[in-house]
Amino acid sequence: MKVEFSEAAKKEFDEIVKRYPQKRAALLTVLHLAQREFGWLSRDVMEYVGQLLDIPVGEVYDTASFYTMFYKKPVGKYHIQVCHTLSCALRGARNIYEHLEQKLGIKDGEVTPDGKFSLIKVECLGSCGTAPVVQINDDYYEGLTIEKLDDILNHLDKNSE
Ligand code: FES
């Protein structure tokens, strides 16, 4: 499949690379752009980014793999990341995660058949003081309980119709 940025993304790409002394230094920012544009970073997308920035695809892949914020598999419209590191673990992250697995009928790294939700366990989201924490797309939900989580999911589910 041929991968190519839309005209708007091409313009954004040109603006991004102007901000860096060398094209290759824009890699993280361009990966963000590519993820926003294509939804996730397939091998084809990483090759495309590598060609645009004159970086070998292996290097693009290594960088994308290092950061959990970059998706290497398709994700749902709402991508749910559950922190399971110490502070969250001590404050009920496991119950939250298991509740999500049951409610959505999917496991770590899977997407619901309707494509609405995907679920993944992640390391510390950097908000340990408000544990347990879940990130859904770009939003953080903190001090979560099962009840709060159900309200959030119901709200997202309604909004996605
Ligand atoms: S341990 Fe969960 S946000 Fe840090």
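Me: Is D54 buried or exposed?
Reply: This is a predicted model, in which local features need pLDDT of at least 70, side-chain atom pairs count only at pLDDT 80 or more, and totals for chains, interfaces and linings use all residues. Residues are numbered from 1 along each chain as its sequence is written. A residue counts as buried if 20 or more other C-beta atoms, placed from the backbone, lie within 10 Å of its own, as exposed if 12 or fewer do, and as partly exposed in between. Because D54 has 9 C-beta neighbours inside 10 Å, D54 is exposed.

Me: What is the phi of D54?
Reply: Most residues other than glycine have a negative phi. D54 lies in the loop between α3 and α4 (57–66), where the helices (H or I, at least four residues) and strands (E, at least two) are DSSP runs numbered from the N terminus. D54 is not a glycine, and yet its phi is positive, at about 55°.

Me: In which order do the elements of the chain run from the N terminus on?
Reply: The chain holds seven helices and four strands, and its C-alpha atoms fill a box of roughly 45 × 35 × 25 Å, taken along the principal axes. From the N terminus on, the order of the elements is α-α-α-α-β-α-α-β-β-β-α.

Me: Which residues of α3 are exposed?
Reply: The buried residues of α3 are V45, M46, Y48, V49 and L53. They cover an arc of only 160° around the axis, which puts them on the same side of α3; the arc is that of the directions from the helix axis to the C-beta atoms. What covers these buried residues includes α2 and α4. On the other side of α3, the exposed residues are R43 and Q51.

Me: At what angle do the axes of helix α2 and helix α3 cross?
Reply: Axes here are lines fitted to C-alpha atoms, for helices over the stretch in contact, and angles run from 0 to 180 degrees between N-to-C directions. Angles under 35 degrees count as roughly parallel, over 145 as roughly antiparallel, 65 to 115 as roughly perpendicular and the rest as oblique, and α2 and α3 are therefore oblique to each other. The axes of α2 (residues 27–38) and α3 (residues 43–53) come within 11 Å, and they cross at roughly 140°.

Me: Which residues in α3 do L27, V30, L31, A34 and F38 in α2 meet?
Reply: Two residues are in contact if their C-beta atoms, placed from the backbone, lie within 7 Å. The named residues of α2 meet, in α3, V45, V49, L52 and L53.

Me: How many residues in the contact of α3 with α4 are nonpolar?
Reply: α3 and α4 pack at an angle of about 115°, with their axes 8 Å apart, and M46, E47, V49 and G50 in α3 meet V57, V60, Y61 and A64 in α4. Ala, Val, Leu, Ile, Met, Phe, Trp, Tyr, Cys and Pro count as nonpolar, Asp, Glu, Lys and Arg as charged, and the others, Gly among them, as polar. By these classes the contact of α3 with α4 has one charged residue, one polar residue and, as nonpolar residues, six.

Me: Which residues in α7 do N95, I96, H99 and K103 in α6 meet?
Reply: The axes of α6 (residues 93–104) and α7 (residues 146–159) come within 10 Å and cross at roughly 40°, which makes α6 oblique to α7. α6 passes α7 in a right-handed crossing. The partners in α7 are I146, L149 and L153.

Me: What is the omega of the peptide bond that joins A131 and P132?
Reply: Most peptide bonds are trans. P132 is found in the loop between β2 (117–122) and β3 (134–136). The bond that joins A131 and P132 is cis, with an omega of about -5°.

Methods: A crossing is left-handed if the near helix is turned anticlockwise from the far one by less than a right angle, and right-handed if clockwise.
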